[in-house]
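Work through the following exercises with the sequence and the coordinates open beside you. Each task is followed by a solution that goes step by step.

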Amino acid sequence: MAAIFRPVSISYCRNSMPGYCAVRPANTPRATGPIRFGYIGTVINDAAPQPSPDISPRDSRREGRGRLKILLGAAPGVGKTFKMLRDGADLLRTGRDVVVGIVETHGSAETEALAAPFETIAPRTIASGVDTVAELDLDALLARNPQVALIDDLAHNNVAGGRHPKRWQDIDEIRGAGIDVVTTVNIQHVESLGDIVAGFLRIRILETVPDSVFDDAEIEVVDLPPDELIARLQAGKVYLSDDATRANPHFYSKSNLSALRELALRRAAQTVDRQMLDHLRSTGEGGSFSAGVRLIVAIGDQPGSDNLIRAAKRLADALGAQWTAVSVETPRTASLSPAARATLAASLKLATTLGAAIVTVPAPTVMAGLRAMIIESQATAVVIGKSRRSWWFELRHGSVVDALVRDLDGVAVHVVPATMTARHDDTPVKRPWATRGIAFAAATVTLTTVLAWIVAPFTGPNSIDLLYLLPVIATATLFGLRPSLFASLAAALAYNFFFLLPLYTFTIEDPQNMVTLVVLVIVATVASQLTGRLQREATVGVRMANENAALAAFGQRLAAVSDEAGTARIVCDEVGRLLHVSTILLARKDGKLTIAGANPADVVLDPIDHAAADWAFDRGEPAGRDTTTITASDWQFHPLATSMGVLGVIGVGADHGEPVPSDRRLLFTTLIGQAALAHERLRAEADLRELVALKQRDELRATLLSSIGHDLKTPLTAVVAAAEAMATTQRSPEAALLKSEARRLRRVFDNLVEMTRLETGAAGAGMEATDLVDAIGGAVHDLRADLGGHKLVLDVPASLPLVEADPRMLNHILVNLVGNAAKFSAAGTPITIQGRRTASGVTLAVIDAGPGLPPGGADILFERFTRVTGTDMTGGTGLGLAIVKGFATAMGLGVRAGNRTDGDGAMFALDWPETLLRHGPAADTVGAG
Amino acid sequence: MTAPLLIIDDEPAIRRLVRGALDRAGFAADEASTAADGLAAARRAGCELVLLDLGLPDRDGIELVPLIKAMDRAVIVLTARDTTAEKVSALDLGADDYVVKPFDTEELLARVRAALRRRGAGAGALVTAGAITIDAARHEVHRDGIAISLTRKEFALLAELARFPGRVITHTQLLRSVWGAGHTDDVEYLRVTVRSLRRKLEPDPAQPTLIRNEPGIGYRLMD
């Protein structure tokens, strides 16, 4: 671990490494000062390493996604594109389907020749200014769906109008579709290395790729020694397209190239390390990786915070730790200038892109907030910036560094020196009423002087000084420090001028009077500090209380409505009111996202806004302005994600700046959560209503069914019995007809009852182990009176495996199939029941020797009430086959109809899949043999 | 003079038709239309077999099954409620057989004859079914006079079926008496053992005639 962090180049060390780190393990005597360590690596682990039982998120994310190979180079010209095409050609030779997504040949004939063997996705050409720009055609590539795509330049920024602003996002979507990607990138584009590279190249890198992209990628360094690269450059073999190289004529200096090369090699090594750790963690093999390290970085409004965040990211990576960026909201931050706020917001955003969780903690002081956060999250390491504030500021506000080191046991504190790239005015906003405070001070001091002038002859000059405390304290209480200092000064001067000897001069004779002046100044300072702090704490408190009250009221209002329109109206009104933004709520209606509510009501969405909303809905991720997707939209859309899936999206828009400032983001997240909950409740209520209605309908049907069963069966039984009695006593043709029709009536009735049971869901399959020999025997017994002279041939080997079946359903199926075969084939012809073990299970077929099915008849055969014309010789409702189909489906069996291939006749077959076979206990285990 | 057969059914039409069919077959029968009347009639000496409808106006017919069995009468259940569970519970309560409405008259007569014959035969030492002779006391089974070797479980199952030849014995009853109370859900055991019994006893195991399956209910030994 320490090896990764050994500072190998001066620039790396200066710009990125924590300057020193201090740690005081628990239960050791308090050190008098910070202990210095050379390397971060020495302070990581005091917990015993233990493999984490769950699979690494990186591994699980890999499933179903295409793999990514990144060819990493130190600088343009090392031959990344060349290597990518060579790799692609190798894949092509092994039979893989490889296409070129986009390759920048820069007119090099050599590169073009290499690209020639590949199918190339035609790039989208977009007019940009005077020339046209060729961009990767993402949709065409996805539609082509190759196995591998070669895509040059991972760090490329897409021209506006694409789906994503960055090419790495395009690649992410391509991999999401299961396509492997080979791509190229130069080391200076790696996000977390931005400040290091900027440090020695003295340029700002605009095209960056988040580190997370590298996490699950295979990284191969395309390496060329600096001397050779410079030689290639001088030979004119390198196309200088990169902004970095254009901007800096000294880019290709040997020292620069060596430093970049070193960075590239180290970054690749780090990814390999990380992947090995992931592997160890997922397999539970030993290994000394750090477990349970939780890292917190404290972010303020200083401009140096970006370096701080990047340093924290590198540290977190090296430790394999989760990390959290904490911003403490103190009374002071409430009065920050807009510039300082923007800096803070940008820092938080950067931390999010680098993979940190963001937390904003309200607290009276930075120290208190950090301490609460560290205890709550059980953090083991804290990264903070070394303040460049004046000693005076630290004296008043306390140094966070010293306080942390003093107060926290067993937490490693890493201090990173801030680099000041720019300095904005971080003084509190000038209060408009400061001048009124001065005026007030002047007026009260004058008044006091007049008053003192009147009472002085009676009391003597020595108690006058106490009177001057009154204007000072009044000003301090009402207007804060500056006016009260002015008041104390004015009071001291007035006292001196009018009441101290020599009178009407500013000279002081008596040293005792000097003390009076000093006391006045101290009283002014202390009083203003105290009241000022009380006031500001009250302000923050009031704001928090307001937000909490608003949230509670929001929840209550939402709970009171139970319709979608009302919920949408309340959500839009409240979000708009609390965050001062336009708000819109969209919900799915008839398969389309439509506006359910808006504030203001006349909001209109452009097609691109709709696209962003659809994206947020489909992917369950934020989209639109200030997100990573469809940033051209004026709106920012957030999904209402619930346990029932995404139920809608909420969009916020503002005329200027961020729709939701970073300090209100927590509130916004809570509001979204509440809105999602309300929608989940609505959906659950609707489902419940539907369920109740369905249940009532089912109950009605069941009642109907049982009354049919009871009320019809009894008379039917009498009819059948009477017909049979007549047939035995009278022996007339009419009596015989009556008997056979009564039997048919009974069969139709049975089928109707079964069909109704099936339709109402009253018949759930109760599967049990069944011997097909048994099942057929039972069905044949039931049918023996209706076979009408057909000869039944049973061809079911006794050695077939047992199958799973509902005995009653299977019996009905067999009775119907055999009855059907008997009905549609001439008397005297054989009906065969054939059972076979097949490769995929067991098949049971009923085969007749009738005319067979007409062409196309098999498809419609199983529809309810379908009768196949042409074969219908004896009539019937056709219900029987629908029941066969219904019962077979309920049991999970396949059912087929067709004509036999070995002669005339139809064949109906049931297929038991392998999963429904029971190979049964061995005969000897049950005591048979 | 009490007739040997008793029909308990609330539908006069059914009673009349069943009674007519029984008459023609040579069986004298009495009628009752309620559970109370039926119980009183069954109690009278001379009654041998009761045809019991389960849908009675004053009481659920299934409650009558054990009461009538306690009077040592054969019971054949007539039911319009043809759910499998109900048939099984009637059989488990001691009913000798069941017939589902609407029924075949011939089927009904056959069941009545079989039930009466079983009563006359009593629990003899020797049971004959087709070509098979089962001697429960001596643990021997013969086919056409030739001894057949069975495993302990196979014999126990066959003997259990042979205790009431022609009568449906439910899966639960068979499993409990052959494998024990812990195996009442292991229908698979039963299937495997029946299969091996058929292989030893039936002339054609693929078209069994000796041990017949009642789908979802049980097995009966054909007599």
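**Exercise 1.** At what angle do helix 6 and helix 7 of chain B pack, and how far apart are their axes?

*Solution.* The model is predicted, so that local features need pLDDT of at least 70 and side-chain atom pairs count only at pLDDT 80 or more, while totals for chains, interfaces and linings use all residues. Residues are numbered from 1 along each chain as its sequence is written, chains are lettered from A and ligands numbered from 1 in the order in which they are written, and side-chain values use heavy atoms, leaving out hydrogens and water.

Step 1: helix 6 (residues 152–163) and helix 7 (residues 171–179) of chain B pack at about 135 degrees with axes 9 Å apart. Helices here are DSSP runs (H or I, at least four residues; strands are E, at least two), numbered from the N terminus, and axes are lines fitted to C-alpha atoms, for helices over the stretch in contact, with angles from 0 to 180 degrees between N-to-C directions.

Step 2: that angle makes helix 6 of chain B oblique to helix 7 of chain B, given that under 35 degrees counts as roughly parallel, over 145 as roughly antiparallel, 65 to 115 as roughly perpendicular and the rest as oblique.

Step 3: on the side of helix 6 of chain B, B:Lys153, B:Ala156, B:Leu157, B:Glu160 and B:Leu161 meet B:Leu174, B:Ser177, B:Val178 and B:Trp179 of helix 7 of chain B, where contact means heavy atoms within 4.5 Å.

**Exercise 2.** Determine how helix 27 and helix 28 of chain A are oriented to each other.

*Solution.* Step 1: the axes of helix 27 (residues 772–783) and helix 28 (residues 807–824) of chain A come within 9 Å and cross at roughly 55 degrees. Step 2: helix 27 of chain A and helix 28 of chain A are therefore oblique to each other.

**Exercise 3.** How many residues of chain A are in contact with chain B, and how much area is buried between them?

*Solution.* Step 1: 42 residues of chain A touch 39 residues of chain B. Step 2: the two chains bury about 3,700 Å² between them, 53% of it on carbon and sulfur atoms; buried area is the accessible area (1.4 Å probe) that two parts lose on being put together, summed over both. Step 3: the rule finds five salt bridges across this interface, each a side-chain nitrogen of Lys or Arg within 4 Å of a carboxyl oxygen of Asp or Glu. B:Arg191 forms a salt bridge with A:Glu768, the closest N and O atoms being 2.9 Å apart.

**Exercise 4.** Where does A:Pro600 lie?

*Solution.* A:Pro600 is in the loop between strand 16 (592–599) and helix 24 (607–619) of chain A, and a cis peptide bond, with omega about 0 degrees, joins A:Asn599 to A:Pro600.
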